[in-house]
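Please examine the structure shown below together with its sequence.

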Amino acid sequence: MAKDFLKALKDSPIVFDGATGTMLQRMGLKPGGCPDELNLTAPELVKKVHLAYRAAGADVVTTNTFGGSRIKLAEYGLEGKLRDINAGSARNARAAIGDGGFVAGDIGPTGHFIEPVGDKSFDELLDVFTEQAEALKEGGADLLIIETMMDLKEMKAAIMGAKSTGLPVIATMTFDETMRTVLGTPPESFAIAADSLGADVIGANCSLGIEGIYKAISAMSNVTSLPLIAQPNAGLPYLKGEETIFPASPDEMAKLVPELANAGVRVLGGCCGTTDAHIKAMGDAFRATKPVSRGAHEFTALSSRTGYVLFGGGLAPILIGERINPTGKKKFAAEIKAGNTTLIRSEARSQFEAGAHTLDVNVGVPDIDEAAAMKRAVFSVNDNCTLPIVVDSPNEAAIEEGLKAVDGKPLINSVSGEIKKLKMMLPLAKKYGGALLGLTLDDEGIPPTAEGRLRVAEKILNEALKAGLRPQDLVIDCLAMTVSAEPGSAITTLKAIELVKKELGLATTLGVSNISFGLPERSFVNSNFLTMAFAAGLDSAIINPKNEAMMDSYYSSLVLLNKDPNAEAYINRYRLKDTGEAAEKKPARDSGKPIDIKEKIALAVVEGDEDHIVALVEEALASGLAPLTVSNDGLLKGLTEVGRLFASNRYYLPQVILSADTMKKAFARLKSEFEGATGPSLGTVVMATVEGDIHDIGKNIVCTLLENNGFNVIDLGKNVSADEIVKAAKDNKADIVGLSALMTTTVMEMEKVILKLKAEGVPSKTIVGGAVVTPEFAERVSADAYGGDALNAVEVMKSMLG
């Protein structure tokens, strides 16, 4: 029935079911235990949920397998029953609804992030998701839905694993009020990556009510023509007495359904708090709407974890920074060979600040493990700027490792018309969802004429289409040759660009600086050629964005070609230069002013410079600074700046964790300087997710940040009873007890713990946090503090201890 689902999707709107957990709780399920195990221990209860949604008009029911991966089941010792649980759940759903509807196999997050943010490798999670997807297919699922993801790289692994089954794939992420995931991914970055990876339907679920989901869906609609899915919560929950209230009624949600349809939603369902009544009202309204016609986007899109860029298709051209390349740079090559990434990180930041839109990453040094070097380089660029990446290497293993390491949709540099290259690069681009840079040369070399290069471009396009890529996934390089050796080569290149644009409609790029090789004052030739190339239709240029002449040419060209409305970008560039504001954006070490060792340490924390932080601490101690001065005036000053950047949405969780890891290395060195060799401890904190709640991602993040800020952390895990928490607080003489809960059905356990702590005379202060916890709730249950986000929670705990 997989083909039937895609046909049905094309023919009419599709209605999904609503929240499984909400319905199970209404039917008497108590919190705690493994919900997925109900497929084996209480299949009739799960079937009742499916039947209720089917009776309400749902076309699709979702298997009860949100936590059915090997990693999640292992938390209950059930990993050996993975196939029974997943396949059994699909069979239960089919038995409940018969052949009249569709069964969607549900795949949720593992609760772990992929390296370098987390502790899992890409390959490990790809294997985990593939295993679960295969079990769901075995049980008869018609399609697969990946829900509530927060890590774009985990989503990539999940989509790839699900696609390997041949079933249609729906993919949704969850966003907060800032329109970002917890790792900082906006809806557009996700949509670009998921579209390129081959998802059939994409969208948003959970966290937000229907108004917030509409914002996320609208953002996705601007960058993809895929059918969209919306699965909103029934509003944002709050507690009334001991009852969890989801405020949005079925009729209230149904009133906003036409707006979702107009934004491109073709599949509609519900998430937390929605019931069969919500699905009935929303489904009736949805089926009454007229489908919106959405044409295909012609631009090329690239994305990173936290940003994206669009070019081609008549949009303004972009700049690809070329500086992360060891060719002709002995110091850079030596650093790469030594496994160091300092210069890579520095170049990523400086090119971003100079105005680059994407960054080319090349680590081609002889006699190294280039695949491992590429992985390190991509991680470093990901963590130091928001720009999409161009993975640049002739080495197949290095390209593949780079594609695994990239968070969003990259550009692969490069393929050509050579048969060997086509066979190597096209499958990689298709598998990992990358765009391809195509060089207009083939097995006979570089054609001397523009028409010859057009023919090579057409050959690459035809082969790319056969491999399942789209025209907008191809960017053609018409090759700039050296005019000092071939005087007519510039004209040939410009004509080739014009032909590729006119005949094939493909996006174009060019390594501009090749044109002037062997000539004096090369920047004059380069900048003038750049302007001519833009006039010929060039969509992207590979340049040094720190070259002022090239940047002047770029911004002036945009004005002259009517690609800069009201000359806004041009005026802003020179306003910044005239006022000196641009210089203020640069890190202190690039300002030209000498900085003392304390400032260097603070800057290393801000930049997450794990490679040098210990050496800087050694230098500070050798200069006579007291360990506490190093900590307070260097390390903690840097972390305060990280907090400011996080609060202003310039840093996201991965950068915060990188800075925290840098702090941890520094504190490890400082420990030996303190009496008793224990180092500075800000206090002991017992952390736990309360009984009945099996969610711990947020708590784990807080634990990591606390440890790296100098706290002694006792992490009790999740689903922890009040007795266990009180005992741990006593045994460890805890200064603070931190309580976490994600589920509205378990937050009242926090009050139980706090009352028990007080009843037994435990002097520990308490702080509460979690997705459904509010300052008002914290006050109501007599907690000493409300945590908020992870970084804020750390600052609050510092203030709690003075």
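The model is a predicted one. Helix α18, spanning residues 419-432, packs with helix α19, spanning residues 450-466, at an angle of about 35°, and their axes lie 11 Å apart. The handedness of the crossing between α18 and α19 is right-handed. On the α18 side the contact is formed by I419, L422 and L426, and on the α19 side by K459, I460, E463 and A464. Sorted by class, these residues of the contact between α18 and α19 comprise five nonpolar, no polar and two charged.

A further helix pair can be read in the same terms. Two packed helices are described by the angle between their axes and the distance between the axes. For helix α29 (residues 697-708) and helix α33 (residues 790-800), the angle is about 50° and the axes are 9 Å apart. Why are α29 and α33 described as oblique to each other? Angles under 35 degrees count as roughly parallel, over 145 as roughly antiparallel and 65 to 115 as roughly perpendicular, the rest being oblique; with an angle of about 50°, α29 and α33 are therefore oblique. The crossing of α29 and α33 is right-handed. In this pair, I701, V702, L705 and L706 of α29 meet A790, L791, V794 and M797 of α33. The contact of α29 with α33 divides into eight nonpolar residues, no polar residues and no charged residues.

Attention now passes to single residues. D123 belongs to helix α7, which covers residues 122-138. Is D123 buried, partly exposed or exposed? Its relative accessible area is 40%; because buried means under 20% and exposed over 50%, D123 is classed as partly exposed. The side chain of D123 makes a polar contact with the side chain of K404, at 3.1 Å. D123 also lies 7.9 Å from A157, C-alpha to C-alpha, although 34 residues separate D123 and A157 in sequence.

T358 is located in strand β14, which runs over residues 358-361. With a relative accessible area of 0%, T358 is buried, since the cut-off for that class is under 20%. Which residues are in contact with T358, once its neighbours within four places in sequence are left aside? The contacts of T358 are L302, V309, I318, L319, I320, G321, L387, P388 and V390.

Conventions:
Residues are numbered from 1 along each chain as its sequence is written. This is a predicted model: local features need pLDDT of at least 70, side-chain atom pairs count only at pLDDT 80 or more; totals for chains, interfaces and linings use all residues. Side-chain values use heavy atoms; hydrogens and water are left out. Axes are lines fitted to C-alpha atoms, for helices over the stretch in contact, and angles run from 0 to 180 degrees between N-to-C directions. Helices (H or I, at least four residues) and strands (E, at least two) are DSSP runs, numbered from the N terminus. A crossing is left-handed if the near helix is turned anticlockwise from the far one by less than a right angle, and right-handed if clockwise. Contact means heavy atoms within 4.5 Å. Ala, Val, Leu, Ile, Met, Phe, Trp, Tyr, Cys and Pro count as nonpolar, Asp, Glu, Lys and Arg as charged, and the others, Gly among them, as polar. Buried means under 20% relative accessible area, exposed over 50%, partly exposed in between (1.4 Å probe, protein chains only). A polar contact is a pair of N or O atoms within 3.5 Å; within protein, one must be able to donate a hydrogen and the other to accept it, and residues adjacent in sequence count only if both atoms are side-chain atoms.
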